[in-house]
Amino acid sequence: MAGDFNFRDYTILIIDDNPNNLGVAVSALEGFGSTVLVSRNGESGLQRAAYAQPHIILLDVLMPDIDGFETCRRLKAHPKTEQIPVIFMTALTSHNDKVRGLAVGAVDYVTKPIHLDELLARVKVHLQLCTLNQTLQTQNNQLKSEIEQRITTEKVLTETIEQLQNAQRQLIESEKMAALGNLVAGVAHEISTPIGTSIMAASTLADETQTFLKAVEEGHIKRSVLSRYTHVAQSSSKLVLSNLHRAGDLVRSFKLVAVDQSHQEQREFNVKTYLQEVINSLRPQLKNAKHQLLLTGDDSLIITSYPGLLAQIVTNLVTNSLMHAYEPSELGLLQMDVQKKHQGIRLIYSDDGCGIPPEQQRKIFEPFYTTARHRGGTGLGLHIVYNLVTQSFSGKIEVDSQVGKGTTFLITLPQESLNVE
Ligand SMILES: Nc1ncnc2c1ncn2[C@@H]1O[C@H](COP(=O)(O)OP(=O)(O)OP(=O)(O)O)[C@@H](O)[C@H]1O
Ligand SMILES: [Mg+2]
C-alpha cells in the first residue's frame, strides 16, 4: 500500500485514549520507518504537538476530558500547531459528526474500526500534500524575498539615477556660469582697448581745444597754431571714430553669443535651397578670393526650424575658411554637403586650406580664442557656432583637421529640433 512513498521521513502523532485499538496501524507505520508518538488525552496531545511538531496528527473523537473536536479546535487556534494536518479517527459515522470534524479544521477522517489500507492511503495523501505545501511555501517565500530585493534594487537604482541627473544639472549650471564668467571677463578685456584709446584721443582733443581757444581769446592765432590744431582735431576724431566702431562691432558679436531664439523666426524651408541662398550672399567675398564653393546633398530635405540660425552657422564656417585657411594667392575648394541622418540632419563642411594644428583644435570653440587678433578677429565666431549647434539645436559639432590638408566640420542636428519631413 505504501508504494514507493517513504514514510521514514515523517513523524506521526496519535491522540487516542485507547491506542491499543490502533495496534496494527502503529506497528505498520513503525514498520515503514515513521516515528510514531502517542498521547492518551487531548491535553497532553496538544502539548506534544506543540513541541514535537509532527507532520500529521491522527485524532480520536471520543475521549474523556476534552474530546477530539475541542482538541482539534485548540490545535488550529495555536500558531505552533495550526499548520499540522489533522485526520479524525471516529466510531461515529453520522454525517453531522463528519461535517463538524471538518468544520473545526480537520483535513480528513477515517472510521473505526480502522482498516489499515485505508488509513495508510489517507495518511500518505496528506503527508504528500503537506510536503507539497511546504515546498510551495518555501518557493513562495523565495519569490517574495526576490521581489522585495528587486523592488529595493529598483528603488536604489532610481535614486542613483535621480542623484546622477541632479549632479549633471548642477554640472551644466556651473559650467554655464563658468562660461558666462569667462565671457564677461573677455568682453571687458576686449572692449577696454578701443574705449581706452578713444578716451585718450578725446582728452588730447579737449586739451588742444582748450589751448586753441585761449589763443583765440588772446587774439593772436598764428597760422602754425591753426594748422597744428586742425591736424590734431582730424587725427583724434578719426581715432575716436574707428575705435568706437570697433567697440560697436564687438558689442554686436557679444549679442550674438547670447543666442536668443525669441527674435528668430521659425518656418518651414528646404534646407539645400536655403543654404544655396546663404552661399549666394557670400559670393562677393568668395569671388574676391576666387575660391570655389560646392554645395551637394539631399534636394528634398524640408524642415521646420530657424533658418536664421542655420545661416549664422554656415556664414561663420565659410568666413573662417576665407579668413584663416588660405594665403591670398591660393585658390581654395570649399564643400558643403547636407543629408538626412537618423531623421535629423548631417551637415559636413570642409575646406582644403592650411588646417588647424591639434593643440589648437581643442580651443577653437572657446570664446575669444583667435589666432587673428591683429587682423580684427575676436575669437567668437566658432563659439557662437558651438552654442547654436549644441543649445539651439541640441546637436553636436566635431572638427577634423590636418595641417596642410584642410579642415572639416561635422555637424549633426537631431530630429527633435527640426521637425524633419
Ligand atoms: N577653416 C579654418 N582653417 C584654419 N583655421 C581655422 C579655421 N576655422 C577656424 N580656425 C581657427 O580657429 C580660430 C577661432 O575661430 P573663430 O571663428 O572662433 O574666431 P576668429 O575667426 O578668429 O574670429 P571671429 O570669428 O570672432 O571674427 C581662428 O582664429 C583660427 O585660428
Ligand atoms: Mg571666425
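Author: Start with Ser 401, which stands opposite Thr 407 in E12. This is a predicted model, in which local features need pLDDT of at least 70, side-chain atom pairs count only at pLDDT 80 or more, and totals for chains, interfaces and linings use all residues. Residues are numbered from 1 along each chain as its sequence is written.

Reader: How many bridges join E11 to E12?

Author: 7 bridges join E11 (residues 396-402) to E12 (residues 406-413), and the two run antiparallel. Strands here are DSSP runs (E, at least two residues; helices are H or I, at least four), numbered from the N terminus. They pair if DSSP finds at least two bridges between them.

Reader: Which residue in the hairpin takes a positive phi?

Author: Gly 404, near 90 degrees; the hairpin has 3 residues between the strands.

Reader: Switching to ligand 1. Which residues come nearest?

Author: Asn 320, His 324, Thr 370, Thr 371 and Thr 378, out of 18 residues around ligand 1. A residue counts as near if one of its heavy atoms lies within 4 Å.

Reader: And which element gives the most to that shell?

Author: H8, with 4 residues.

Reader: What about polar contacts?

Author: That term is a pair of N or O atoms within 3.5 Å. A polar side-chain atom of Asn 320 lies 2.8 Å from an oxygen atom of ligand 1. Backbone N or O atoms also reach ligand oxygens: 3.0 Å for Gly 379 and 2.8 Å for Leu 382.

Reader: How much of ligand 1 does the protein bury?

Author: 92% of the 600 Å² that ligand 1 exposes when taken alone, by the Shrake-Rupley method with a 1.4 Å probe.

Methods. Chains lettered and ligands numbered in written order. Heavy atoms only, no water. Polar contact = N/O pair within 3.5 Å; in protein donor to acceptor, adjacent residues only side chain to side chain.
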